[in-house]
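I opened the notebook to keep track of what I looked up in this structure. The entries follow in the order I made them.

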Amino acid sequence: MNMMVLRYGDDIIVIDAGMMFPESELLGVDLVIPDITYLKQNKQHVRAIVLTHGHEDHIGALPYILRDLNVPIYGSRFTLALVKKRLEEAGLLQSATLREATPGRLVEIGPFEIEFITVTHSTIDCVALAIRTPLGVVIHTGDFKVDQTPVDNIPFDLHTFAKYGSEGVLALFSDSTNVERPGFTPSERTIVPRIEELARSAPRRVVLSCFASSIHRIQQVIDIAERVDRKVAFVGRSMVDNVEIAHSLNYLRIPDGMVVRPQDIRSFEAKKLLILASGSQAEPMSSLSRIAVDSHRFVSVDENDTVILSARIIPGNEKAIFRMLDHMFRRRALVYYDNTAGTIHVSGHASQEEQRLILRLVKPKYFIPVHGEYRHLFRHAALAHQLGAVGEEILLLEDGKCIEFTEDGVVRRDPVPAGRILVDSGSLEEIEEIVVRDRKHLSEEGVVIPIIAIDKHTGKMESAPEIVSRGLMSENGSELMNGAREIVLKTFEQSNLEERADWSVIKEKIRIDLKRYINKHTSKRPLILPVILEV
Ligand SMILES: [Zn+2]
Ligand SMILES: [Zn+2]
């Protein structure tokens, strides 16, 4: 959930407004956004939100914070197209001001003059920002790698970085994500040979999953499909949305007659089809997760189908992803998920040599590593120190920490409120702290614990589901609980064996169905904690 604030006198600009998905412990929390207390306190001074690119960890909080902070949003064309979609869904598009920025052209916001600089990354239309202030130029790289052979042939604008470097740069804020990797991050194009080989030799259909925002990857997969004489189909909401947006803006080249509609997938010749699906992180209700347990409406995976996971396994998601892949193995699919036999995924973030290159070109007076865990920031600082390319000082800043640049140098200032806000996207309600939320929940809405006993070997339910509830007041209590038991039973019966055996899937399905049922009958949203007993 990236967000940085730059203030000069009474003028504030915000760089990026990201979100993140909650860890699984945060029951009932849909997403996490940054705490913007400081911005709310200084509302009258905030002039704009400036975006570096369209990844969720940079734009995802916009629909939530715009309610408190309706200021103009600046970004590149594709970035704003994604923002538009989010704001439309949140019903905020009418009241929002979106201003498209073009690399090479300057944008003036209060005392800041901003140049958008083209960088390469795992999505398209990404920029770094050079922000001219009365005290000097500040450069924020956004997310980047230095791809010498980008898929869209729009090169990383090293010249402009060098230009600012020779002019003199006050401060550099640079992406630290991949600081633990030596060398250069390979070009996005390096995935082509292996994926082409797999697609060409695949005996039946190919299901490839990547991030829906990876437009370069999607383009290359479409090109590969064309070369190996396969048609493509897109499944998953985010995949379909992003492909549509990118295609309508001419960022994606899809030959005529190339696309098979989802509803035609089952009847289409398996050897002639490649399916692009979202859900590479095994998100519980995503296409790939559904396909894995054979509950997708349009796609199933059978023996000798090929499944390619062309995405990073984000730490924290390993368990869910490998559980999903196990389902694919059980179906006797040919599964590829790492680079051991040839590259099927490359990172979008700079490795050490690229980070050194940027530091050398920019030669900032002050350097502040951003984007990454604390150890990444620390190691990026160490790398810069070793290189000796920073004129004055390297500063390690954690969330909420402030620094002030003056004519004489840099001063650490008191921190501002920072942290995470937990959001329930259903109610758009902000949750200050999980504990508070749980307490509130328990006191006002109660708790419902559906308990089912599953026979490990047969996958059958051992006895009727039991439901324990506390604090859920209702005049027709027993009737409600009878209905709830029926819902649990129905949800269970309508799930197939693999879903039943995958407890995270079956629990989530029960939670969602019960939540809907109870909310409908009581207007309450109790904490629902499904428990499965293995017998
Ligand atoms: Zn990022
Ligand atoms: Zn990114």
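Predicted model: local features only at pLDDT ≥ 70, side-chain atom pairs only at ≥ 80, totals over all residues.

**Entry 1: zinc ion (ligand 1)**

I looked up the donors of the zinc ion (ligand 1) and found D57 (OD), H58 (NE2), D143 (OD) and H371 (NE2), at 2.1 to 2.2 Å. Along the sequence I wrote the spacing of these donor residues as D-H-x84-D-x227-H. D57 sits in helix α2 (residues 56-59) and D143 in the loop between β10 and α5, so this pair ties together parts 86 residues apart in sequence.

**Entry 2: zinc ion (ligand 2)**

Which protein atoms are the donors of the zinc ion (ligand 2)? I listed H53 (NE2), H55 (ND1), H121 (NE2) and D143 (OD), lying 2.1 to 2.3 Å from the ion. Their spacing in sequence reads H-x1-H-x65-H-x21-D. The 4 donor atoms subtend angles of 91 to 164 degrees at this ion, which makes the arrangement irregular. For four donors to count as tetrahedral, all angles would have to lie between 85 and 135 degrees.

**Entry 3: the two ions together**

I asked how far apart the zinc ion (ligand 1) and the zinc ion (ligand 2) are. The distance is 3.4 Å, and D143 coordinates both.

Is D143 buried or exposed? Its relative accessibility is 2%, and the cut-off for buried is under 20%, so D143 counts as buried. D57 has a relative accessible area of 22%, which makes it partly exposed. I also looked up H53 and H55, and both are buried.

**Entry 4: H45**

I located H45 in the loop between α1 (37-41) and β4 (46-50). With a relative accessible area of 12%, H45 is buried. Leaving aside residues up to four places away in sequence, H45 touches R7, D10, D11 and I12.

**Entry 5: helix α5**

Next I went through helix α5, residues 158-167, where T160, F161, Y164 and G165 are buried. These four cover an arc of only 145 degrees around the axis, which puts them on the same side of α5. The general rule I kept in mind is that an α-helix has 3.6 residues a turn, so residues three or four places apart point the same way. The face of α5 turned away from the buried side carries the exposed residues H159 and S166.

What covers the buried residues of α5? I noted that the cover includes β8 (112-119), β9 (126-133), β10 (136-140) and α11 (352-362). Following α5 comes G168, whose phi is positive, near 110 degrees.

**Entry 6: the whole chain**

Last, I took the totals for the protein chain. I recorded 16 helices and 26 strands. The radius of gyration is 25 Å, close to the 24 Å that the globule rule gives for 535 residues, so the chain is as compact as a globular protein of that length. Along the principal axes, the C-alpha atoms fill a box of roughly 75 × 60 × 45 Å. Buried residues make up 53% of the 535 residues. Of the contacts with a separation of 6 or more, 72% are between residues 24 or more positions apart. The chain exposes about 24400 Å², and carbon and sulfur atoms supply 49% of that area.

Methods: Residues numbered from 1 in each chain as written. Chains lettered and ligands numbered in written order. Heavy atoms only, no water. Buried < 20%, exposed > 50% of the residue type's maximum accessible area, 1.4 Å probe, protein only. Helix = DSSP H or I, 4+ residues; strand = E, 2+ residues; numbered from the N terminus. Arc of directions from axis to C-beta. Contact = heavy atoms within 4.5 Å. Donors = N, O, S within 2.8 Å, 3.2 Å for Na, K, Ca; no water. Tetrahedral: all angles 85-135°; square planar, octahedral: opposite > 155°, others 65-115°. Rg over C-alpha atoms; globule rule 2.2 N^0.38 Å. Areas by Shrake-Rupley, 256 points an atom, 1.4 Å probe, with all protein chains shown as cover.
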